[in-house]
Each structure stands twice: as C-alpha cells, then as structure tokens.
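Let's take a walk through this structure together, with the side chains and their partners as our guide. Please keep the view open as you read.

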There are 2 protein chains.
Amino acid sequence: MENFSEWFHEILEKAEITDSRYPIKGMSVWLPYGFQIRRACLNIYRDLLDSEHDEVLFPLLIPEEELAKEGIHVKGFEDEVYWVTHGGQKELNEKLAIRPTSETAMYPMFSLWVRSHIDLPIKQYQVVNTFRYETKHTRPLIRVREITTFAEAHTVHSSPEEAAEQVETGIEIYKELFDEMGIAYLISKRPVWDKFPGAEYTMAFDTIMPDGKTLQIGTVHNLGQTFAKTFEITFENKEGNHEYAYQTCYGISDRVIAAAIAAHGDEKGLILPPRIAPKQITIIPIIFKDGGEEVMAKCLEIKKSLESKGIRVQMDTRDIRPGKKFFDWELKGTPLRFELGPRDLKNNVAILGRRDTGEKIEISLEDDLPSKVEDLLMEIEENLKAKSWKAQEDKLITLESLDNVGEIVDEEKVVKFYWCGEEECGKEIEEETEVDILGINEENIKTDKICPHCGKPAKHVALMAKTY
Amino acid sequence: MENFSEWFHEILEKAEITDSRYPIKGMSVWLPYGFQIRRACLNIYRDLLDSEHDEVLFPLLIPEEELAKEGIHVKGFEDEVYWVTHGGQKELNEKLAIRPTSETAMYPMFSLWVRSHIDLPIKQYQVVNTFRYETKHTRPLIRVREITTFAEAHTVHSSPEEAAEQVETGIEIYKELFDEMGIAYLISKRPVWDKFPGAEYTMAFDTIMPDGKTLQIGTVHNLGQTFAKTFEITFENKEGNHEYAYQTCYGISDRVIAAAIAAHGDEKGLILPPRIAPKQITIIPIIFKDGGEEVMAKCLEIKKSLESKGIRVQMDTRDIRPGKKFFDWELKGTPLRFELGPRDLKNNVAILGRRDTGEKIEISLEDDLPSKVEDLLMEIEENLKAKSWKAQEDKLITLESLDNVGEIVDEEKVVKFYWCGEEECGKEIEEETEVDILGINEENIKTDKICPHCGKPAKHVALMAKTY
C-alpha cells in the first residue's frame, strides 16, 4: 500500500472497526464488527493467561497519595495523568488519578495479601481501560487517550530467580499470542533510558508496520524489589526472616489489534487471520430467476454442516448483486467465501474463494466440506503468518556503519547493528542520528565486531528504527 | 440469618468475592473467586443479549457540553458526577464527566449513524464501569461509587410501537437472566417521580433481600423521543419525511450478583446456583495411610469423566484434614461435593453431598456418574429457585389499610395494596408513612377496591417497601 497511514485510518472506518468521531480527541467507539474482532483476540489472550493466572479487577481511580509513592514511577507518568477533582458540585478532599497503568492501584492491596512465602507466587491479570493525556498526534488503536484494552498481568515472587523466570514465561505467552494472530515481532531489551519507570529491565515486542516504523506491541518488566519496597510488600521466608517480594508485570493493548490489521491487510481491505475473524466463511448464494429455492436450501444445509464443526459461518442473503457482496466481505476480511449458483448445483460443484491469495477453488459438493474448510483455514493462517515474517525479514538490514542510518530508516528499513551497549554511547547515537535504539536484540554475543559509534568492542546486536 | 447486613459484609470477605479495603470509599477489588462468579454471570448475560444485540464499547469520558444537553437527565445526575479537570499538570479546556451512565456518550454517535429507516432498529449493549459520587453509606456490590459491571443496552426504533415492544423484550431477557440465577423478583412500573431522568416510563425489577428490604436489580426504560430530540437522532421514514427516533435503554449491574449471593446463602456461607458456580463439584479424596494411591487414581478418573461432559470440576488435594476442606467449599458455595475413601473404593461406593440441602447421597461407582451429577445440578438449580420464590411469597403481604405500613415493613414485609395511581396521593403516602412506593405491580386491573389513602377508586396493585 502506498500510504499506510491513510490506508489504516480509512480501513478502520470502512470496515467498521472503530469510529473516531467521538467528541473527545484520542477516544473512539468500538463498532460492532470491530468489537467482535476485539472479543476474539481477548478470548485467545484469556485462554493463554488463565492456565496460570487469576483474572481480577481493580478500581479505575487511584488516590493521589498512592500514585505519588513511587517516585521514579510517578515521574514517568506525571505529564500524562488525568485528574478527577470534583464529585458532583463538591471539590474532593484528595485528587484521584485515572489509572495510567495499575501498579499503584494493585500493590497497596498486594501488601495486605502477602504475609508469608506460602502466599506466593501471586499471578493476576486484568483487562481494563487506562488513560494517558497524550499531547502527540493521536491515532486510533495506536496512540490514544483511552486505551480501551489494556491487558496487564502482575506477579509477586519469593526470589529474584523466580521473577526472572516469570519474565521468560511472559515472553513465551506473548510469542504464542502473536503467533496465533500471525504477527511477526522483534524482541529486545529496552535501553535503560527507555525502560518502564520503576523497572529493573524491560523486554519489549515490536512489530514492523508496512511503512517501516516499528510499533511496540507488548512489554514484560522485571520490577525487582522497587515497588515492593515502596508499597511494603514483604513476606516471611522459610527461614522466618522478612524479605521484600520480587515482582514482574507485563502488558499488551489495543495495539495488538492494530498490528494484526496492519500486518495482513491489502488494498481491498482487511484480511483477518481465521482465529480472530468474527466469521470465518461467508456463504453467498448466487440467485437468478430460476432455481433459487434449491440453491438456498443447499446453502443452508452447508451452513449447518460447517457450524456443527465449530466453524463460524454467515450467509449473505441481502437482495443486492453478488459483486457487491464479494466487495463487502473482502473489505471486512472474512478468510473464505463460498459461492453456489443454480448451474453449480446442477453440476454438483461450488467455488471456495480465499481472501489471502484471491484464489478460487472449485470443489465437489460430494467432498467432506467441513474438513476442506478447516484445512483451508489452517493454510490461510499459516500463509498469513509466513507472509508477515517474510515482510519483516525483508525490512531488516544489518549495518556496519551508522553514517546513513537516517536515510536507511527513511527507506522503511529497521536496522541491526553491533553495539557496545553503553548508555552514553547509545544516547549519543540517538541524538546524532535522530533514530531510536529499540534495544538489544541479541545480548552478550561473541563477536570481534566493534561498535560503529564509539569503536569499543561490540557485545550485542541492537535494533534501531523509526517508531510509532 | 439473624443480621443480614453483617452476614453479607462478612461473606464477601470470607468467600473471597471482593476486598473492600481499597483506599477509596465505595470502590472494591474483585478477587479471583469473585471474578469467576462475575464472569459466569456475564456469560449468561451475553448469551441472552447476543442473539439480537451488538456488543460495542464507548469511551468512559463525556464532554461537559454533551452531558449538559439533556436538561432533565443531567439534573438527575448532577450531584453524582465525577469531573476530570486536569490532564497532566494542565487544566483541560473543557471538563470531562466520568460516565454515570452512557446515554450522553452514545446518543451523539447515534445521531451520526441514523439517517434512514433502513438504519433502524439499532440494538447495542456494552458492559462497562460507571461512577456515582454516592454520599449515602456505601456497601460493596449494592451501593458503590464505581459500578464495575454496568451492563447497559440501548436501542433505537422507527415507531413508538416498536419501542414499546422492545421494552417488553428487555423485560423478558431480564426474567430469563434472573431465572437462570434462581433470583425471585417483583416487576413494577416505577412512579413518575422515581422514573429514570429523561424516560417516559421505567419498568423495574426488585428482589426482596433476606432483611425484607428490596433491592432494585434491573430497569427497562422507554425513552420515547426525549433524547432523540435533544441529540437530533432523526430518520427519513418510508414516506420520505424526517422524524425523531424512538428509544429504549435497559441495564443491570453488580447488584445482580449481590442478589444471587443474598438469595441463596446460609449461615455456612455461599450457595451458588450451578450456572454461576466457578466449580460445580469438588472432589475430595479421603486419604489415610493406606490405599491413597488407588483413591487418588479413581478420583482423577472421575474428574476426567465429569469434565468430558462439560461439568466444572475441581479436586482438592491439599494436605489438610477433610473436615477443613468440607468447611472451605461449603463457605465458597460449590453446589456438590464428592467424597471417596479407601473403604468406599473397596465397597465400590462414594458419597455425593448437596450444598443446598446438606443431604449426603451414597452412590455406586458403577453408576453413570456424569448423568447423576448433571441431574443433581439441575435439581439444585430448581430447588434454589423454588426456595427463592417461596421466600418472596412469604414476605409479601396485601394490606387494605396503610395505617401500620411502617411497622409492617419493619417486620421484613413487602406490601401490596390497591392504589388509585395518582401522583399527589402517592407522594403523600410516601411522606406520611416514610415507606417507598416501588411502583405499580399490576396495572389497570378491574377492582371495586378503593385507594386506602385518598378513597378514590383503585386502579392498580402497587408495592411498598423499605429499599436499599
């Protein structure tokens, strides 16, 4: 697509994902079709989390005192927090923050719940809306003032090893999530100046958008004991001594849905991976003057047989010409189309159309149609995923020198380079090139390369990109 | 239970439903076990709504200008609205209200979406948190400042008849919802002075709590054209003329869960209807020194066979004595308990314990256990529902005179009486008796009774109660 930004804006509107005409900048409405995609994504997410986390729900509002407790953390959010100052006509005794994220809502409660090592680990998650008073240009699903789908997990452990292991678990969960949605990703350890406010270190997932800019789609933070010390989360260990707990947190947002839309869509509209498509196949009866009833009856029969196998099916019986129906469902990204006309029925055949490749496949009505459809959905899923990873591969370039990195990222590339990893050097690189260092993609590797900026021995492979 | 209020407060804490120690009054945390109950309730709700409504999601914040547009409506909420005045360190140009309900968030968008009669009807719902700055005594799930589970439906129609019909549909949906949770209810048309601000009329569901006070658990409003006129929701009708649309809205909240807890619980703790129980049966292996392995193996086998039928099963293998396990799961309200010890296994028998009746049923391990359990779960559901309706029947009393109504409601009764239905008379009754008129339970009946207050001919059966 020529202009991704424009395409993205238009597709949200035309495919009825969100409506951004809501009268507050940076806040949009989830429309019915978009909401169904969101629900399917959340189902995958919950399935992944539920096996070892408990879902909970904490209040939206946070007393100023709690928010302010963790100094580094609050500094990271102070320009972005919305404040509630009045209840009815009265001024409140204490200002209340609308959560920008939930550490300061949850951890005072963790402090009450954790007494002994037998109370640990705690692994909880919640799916909530969070708020950031963004002053930059907003963009639906990507940079918003109300993050409507903030899926945040928080864990508490009795040892630093267990917390570090949980970070790895968090990464594995997100890998699986993105894999199921066919989204390619880059994992990196964020530079110290770009980690989560209060974290020891931050692992991040970025995906490369069609315009070559990267979008952060998930983060996993090792919080160490920072918040435990601030919020007095202590436990009695096996030896009977009191110790501060070790924590992690990890989160994703609406951006995951933006990434899925961006990764797979084309000029005709959305292409939805079968796992998150509200309907996986659209049946379109081709009705002329004659033979309509038989075609409809057959289509209904097929719909039932597909549904009995758990396939999500819809039948488009609107009184409009088939071409318009094809157009609509291509726009909305339904993975498969099934066409049947009177002549097809006579010949005992039908057409299956793939949204991802545009391929039309003639099938016999004697075939085991549910199996055929299941196989095709699987193929589509694999194809979308492979295409997305191939697109990422094509956009990655390894540089020996950073002299032209600005021009190279302008050509929609994401840059890998061998780096010393030092903060001072990294900040200089960012300042001179005006390109962001995403972080360290491969840590502590053996190499005889040198850092192209400072000339010291390189220790890591790092990533640079223009970012959203 | 002797003191319901105390019992309710304790059960929420002991059964780990919510934690009300969150540092803002009237805002609580949903704990893992409570959240699972909430999730099961929402699953029932969504199943009921999805067949003819679209789920959507609108922003939390509402510009002051929109909230203020509908005069009667805003007056009903002005003392209760939380106001956001600052973003970061800056004062906002326009104050933003945190939704107390979503009419004024949704209807400006409806105005954009509705053009012609072919755009109608719209039937949407969302499940969100809403906020009321309550100055009265707060109580978890019942009177809160953050309503965490506000499930609100909004519909738009092209005729008043269709809107009136939708009110009936809304009532039917809620009947089914409460029936599935075994909650008895009274339906009444709220007095004009107690209808939803902006509505033509309000139909309400109340349940009688164990202390005889009624709790409003659902409302269905016919909005007529009030909001359509305010928010310019117009459509071109079939004759080509422009007309204001007709609207309804209906909602339930966390109170539904409070009602289920209150309706079925006893001194030992929760009794959960099988439909909303996180686990429907707890398997408790009774392990002594010998024969432990065989018992465990058999229990696991039974767990699998029950799960294969979609029954939600847990096995309590904690290393504590069985009595403590019985106590814990009675407290948490699991409908059935399965006990198996080594001697039972030798005799090929086991015990099923019903939480609702306390009954212990000896069964043969040769029986078709999944069918047996399914039947019992069904029986428990029916029994809880019947008990709840019986309890309501016992608390209802029909009065010919309102002289002692104050004393009678203090004896935990809800009063029916024949009423003229006039506003002036009703307000006088409420003032003199200090008891609320819930509304008209049977409208426009044929009767030769007279109104006990004003002496005019009675037209309706009305309800009076102390209310939450």
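Is B:Lys427 buried, partly exposed or exposed? With a relative accessible area of 41%, B:Lys427 is partly exposed. Please keep in mind throughout that this is a predicted model.

## A salt bridge within one helix

B:Lys427 has a charged partner to look at: its side chain meets that of B:Glu423 in a salt bridge, 3.3 Å from N to O. Both residues sit in helix α14 of chain B, which covers residues 423–433, and they are four residues apart, so about one helical turn separates them. B:Glu423 is partly exposed as well, at 38% relative accessibility.

Over all chains, the structure holds 68 salt bridges. One of them joins the side chains of A:Glu52 and A:Lys123, with 2.6 Å from N to O. A:Glu52 belongs to the loop between α2 (32–50) and β3 (54–55) of chain A, while A:Lys123 belongs to strand β7 (residues 122–131) of that chain, so the pair ties together parts 71 residues apart in sequence. The two partners fall into separate accessibility classes: A:Glu52 is partly exposed at 33%, whereas A:Lys123 counts as buried at 19%.

In chain B, have a look at B:Lys189 and B:Glu443, a salt bridge whose closest N and O atoms are 2.9 Å apart. B:Lys189 lies in strand β9 (residues 186–189) and B:Glu443 in the loop between β22 (436–442) and β23 (460–465), so this pair ties together parts of chain B that are 254 residues apart in sequence. B:Glu443 is partly exposed, with a relative accessible area of 41%. Back in chain A, a network of salt bridges links A:Lys268, A:Glu330, A:Arg337, A:Glu339 and A:Lys360.

## An annotated span in chain A

An unreviewed UniProt entry places the annotation "domain: Aminoacyl-transfer RNA synthetases class-II family profile" on residues 55–273 of chain A. In the model, that span is 28% helix and 35% strand, and its end C-alpha atoms lie 26 Å apart.

## Where the two chains meet

The size of an interface is often given as the accessible area lost when the parts come together. Here the area buried between chain B and chain A is about 4500 Å², with carbon and sulfur atoms giving 64% of it. On the chain B side, B:Tyr22, B:Leu57 and B:Pro59 lose the most area to chain A, together 13% of what that side buries.

Charged and polar pairs are found here too. There are four salt bridges across the interface of chain B and chain A; A:Arg39 forms a salt bridge with B:Asp50, with the closest N and O atoms 2.9 Å apart. Across the interface, 23 residue pairs are in polar contact, both residues having pLDDT 80 or more.

## Two buried residues in chain B

B:Glu66 is placed in helix α3 (residues 64–69) of chain B. B:Glu66 counts as buried, at 9% relative accessibility, and its side chain makes a polar contact with the side chain of B:Lys69 at 3.1 Å. Leaving aside residues up to four places away in sequence, B:Glu66 touches A:Pro23, B:Thr104, B:Pro108 and B:Phe231.

B:Gly265 is in the loop between α8 (255–264) and β15 (281–285) of chain B, and is buried at 13% relative accessible area. Again leaving aside residues up to four places away, B:Gly265 touches B:Met1, B:Trp7, B:Leu270 and B:Ile271.

## Backbone details worth a look

The peptide bond from A:Leu120 to A:Pro121 is cis, with omega near -5 degrees, and A:Pro121 lies in the loop between α5 (103–113) and β7 of chain A. In chain B, the bond from B:Leu120 to B:Pro121 is cis, with omega near -5 degrees.

Which phi does A:Leu141 have? A:Leu141 has a positive phi of about 70 degrees, although it is not a glycine. A:Leu141 is in the loop between β7 and β8 (146–157) of chain A and is buried, with a relative accessible area of 6%. B:Glu232 also is not a glycine and has a positive phi, about 55 degrees; B:Glu232 is found in the loop between α7 (226–231) and β12 (234–236) of chain B and is partly exposed at 46%.

Definitions and conventions:
Residues are numbered from 1 along each chain as its sequence is written. Chains are lettered from A and ligands numbered from 1 in the order in which they are written. Side-chain values use heavy atoms; hydrogens and water are left out. Buried means under 20% relative accessible area, exposed over 50%, partly exposed in between (1.4 Å probe, protein chains only). UniProt positions are given in the numbering used here, feature names are shortened, and annotations may be inferred rather than shown by experiment. Buried area is the accessible area (1.4 Å probe) that two parts lose on being put together, summed over both. A polar contact is a pair of N or O atoms within 3.5 Å; within protein, one must be able to donate a hydrogen and the other to accept it, and residues adjacent in sequence count only if both atoms are side-chain atoms. Contact means heavy atoms within 4.5 Å.
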